[in-house]
Amino acid sequence: MFKKFTNGCVKVVNRWLPDPFLFAIILTILVFVFALIGTGLSPMQMVDNWGNDKGFWNLLAFSMQMALVLVLGSAMASSRVCKKGLATIAKAATNKKKAIIIVTMVSTVCCWLNWGFGLIAGALLAKEIAKRVRDVDYPLLIASAYSGFLIWHAGLSGSVPLQLAGGHKIGEVVYTAATSETIFHPVNLAMCLVILLTMPLVNWAMHPEADKCVLVDPKLLVDEEEKVYTMDTPAEKIEHSRILWIITLVLGFAYIIYYFVTKGFNLGLNIVNMIFMFLGILLHGDLRRYVDAIADAAAGASGILLQFPFYAGIMGIMVAKNADGVCLAGIISQFFVNISTNVTFPVWTFLSAGIVNFFVPSGGGQWAVQGPIVMPAAAELGVEAGRAAMAIAWGDQWTNMIQPFWALPALGVAGLSARNVMGYLVVVLLYSGVVACLGFLAWGLLF
């Protein structure tokens, strides 16, 4: 029964799921048509709202921030120090059960710290463990590594809570919530802890019988040769200069320390990216090595760079108002207000965010599209900005389990395709959805 269910999911995804960029185009067309109907604005007025500086180009800074989250985290994970640390952790996996549990827990913690780092670190750890535990089901091992991505948006690199911490303007209103009201809220931390402690057991429970296991292809476990550098010319000697490396680190960490001393533990996207940049420089131990690591990681950010202007354009369409102040975002917001209460609104937001994530597989892009809908509706119902925003964040990360966009970097490292892991991730999706719904109900009732 399980196999039939998962095989059906794989068949549907492979047949109907186009490239995420095409989703952005399709969603733009749908939103454009609905906005015309809902507001009565002319097509050219709507085109102007889509393409002007407050629309299509409104997320340039945010796009760069999100691209850096992925690139800096991936570059850090590729350092020799991180790889050696992962190899040491892998030694603790002496059997199949430990292999699944360890890779799930380590990946979850790493993704909570930085999702770009966690994606790559989890896949690298899974490969290291596969070298030692040859009878483990390899697709499940990689699926377990990717399942750690389930709580990235509730962690230190979550785009929605970090954006909200610095204040986010929607229309004429600025919405703000400190990280103590989002990332470090007791309910959010409790939900993350439940996932951390129970998901490894769920993953292990899915391990197939020995005769049905898909074992790793030994060819996939061959390590790439480490690049050898020469220092024959003055330019090469400068590139590998220890003095320049030290000066760079002193400058970076001096500011990071100064930031926390003067501003407290108030995280934002910029300071998080700065921490991971200089940690990466430190761990690579060489400026030239770090430059090459960034170059290798940058290819993974192509989707962000291409898609975000279209998400910003969608946001411009949704907040475009007619003479009576009516906009599409306002119409949809009122619908949610009408069917929700203070307690149930975040649950509906979580579920709707999970659906939207199929079309907008990026936390930042989803915030641009759904933020103008959710935040005004939450304010009208008396739902705190932090709770409403985290409902979007959890919904975004939830259906990432069966939306393969962000799995591609990890699958590339593992040498697998999405269809190899999709069946396992459907179960992860169903279980985590129950955890999140109960968590948001508790958040509304207890706080």
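This is a predicted model: local features need pLDDT of at least 70, side-chain atom pairs count only at pLDDT 80 or more; totals for chains, interfaces and linings use all residues.

Trainee: Let's start with charges. How many salt bridges does a search of the whole structure find?

Mentor: The ones we will look at here include a pair between aspartate 292 and arginine 288 and a pair between lysine 131 and glutamate 128. For the whole structure, the search finds a total of five.

Trainee: How far apart are the N and O atoms where aspartate 292 and arginine 288 meet?

Mentor: Both residues sit in helix H14 (residues 287-298), and because they are four residues apart there, about one helical turn separates them. Aspartate 292 has a relative accessible area of 12%, so it is buried, while arginine 288, at 23%, counts as partly exposed. Their side chains meet in a salt bridge with an N to O distance of 2.7 Å.

Trainee: Where do glutamate 128 and arginine 132 both lie?

Mentor: They are four residues apart, about one turn of the helix.

Trainee: Is glutamate 128 buried or exposed?

Mentor: Its two partners give some context: lysine 131 is partly exposed at 24% relative accessibility, and arginine 132 is partly exposed at 39%. Glutamate 128 has 17% relative accessibility, and the cut-off for burial is under 20%. Glutamate 128 therefore counts as buried.

Trainee: Which tryptophan does phenylalanine 440 touch, not counting residues up to four places away in sequence?

Mentor: The list of partners includes Met191, Val343, Pro346 and Phe350. It also holds Arg387, Met390 and Ala391, and the tryptophan is Trp394.

Trainee: What is the relative accessible area of asparagine 188?

Mentor: Asparagine 188 is found in helix H10 (residues 186-205). Leaving aside neighbours within four places in sequence, it is in contact with Ala154, Thr182, Ile183, Met390, Trp394 and Trp443. Asparagine 188 is buried, and its relative accessible area is 0%.

Trainee: And valine 428: how far is its C-alpha atom from that of threonine 399?

Mentor: Valine 428 lies in helix H21 and is buried, with a relative accessible area of 1%. Among the residues it touches, beyond those up to four places away in sequence, are Ser147, Leu150, Met199 and Met401. Threonine 399 is 29 residues away along the chain, and the C-alpha separation is 9.7 Å.

Trainee: Which residue has its backbone nitrogen 3.3 Å from a polar side-chain atom of threonine 39?

Mentor: Threonine 39 lies in helix H2 (residues 20-39) and counts as buried at 8% relative accessibility. Away from its sequence neighbours within four places, its contacts include Met46, Ala320 and Asn322. The backbone nitrogen in question belongs to leucine 41.

Trainee: How much accessible area does the nonpolar surface patch with Leu22 have together?

Mentor: The patch is formed by Leu22, Ile26, Ile29, Leu30, Val33, Phe34 and Ile37. One of them, isoleucine 29, is found in helix H2. Together they have an accessible area of about 670 Å².

Trainee: Last one: is isoleucine 89 buried or partly exposed?

Mentor: Isoleucine 89 lies in helix H5 (residues 80-90). Leaving aside neighbours within four places in sequence, it is in contact with Ile102, Val106 and Leu125. With a relative accessible area of 33%, isoleucine 89 is partly exposed.

Terms used
Residues are numbered from 1 along each chain as its sequence is written. Side-chain values use heavy atoms; hydrogens and water are left out. Helices (H or I, at least four residues) and strands (E, at least two) are DSSP runs, numbered from the N terminus. Buried means under 20% relative accessible area, exposed over 50%, partly exposed in between (1.4 Å probe, protein chains only). A polar contact is a pair of N or O atoms within 3.5 Å; within protein, one must be able to donate a hydrogen and the other to accept it, and residues adjacent in sequence count only if both atoms are side-chain atoms. Contact means heavy atoms within 4.5 Å. Patches are made of residues with over 30% relative accessible area and no salt bridge: like charges are joined within 9 Å, nonpolar side chains (Val, Leu, Ile, Met, Phe, Trp, Tyr) within 5 Å. Accessible areas come from the Shrake-Rupley method with a 1.4 Å probe; for residues, only the protein chains shown count as cover. A salt bridge is a side-chain nitrogen of Lys or Arg within 4 Å of a carboxyl oxygen of Asp or Glu.
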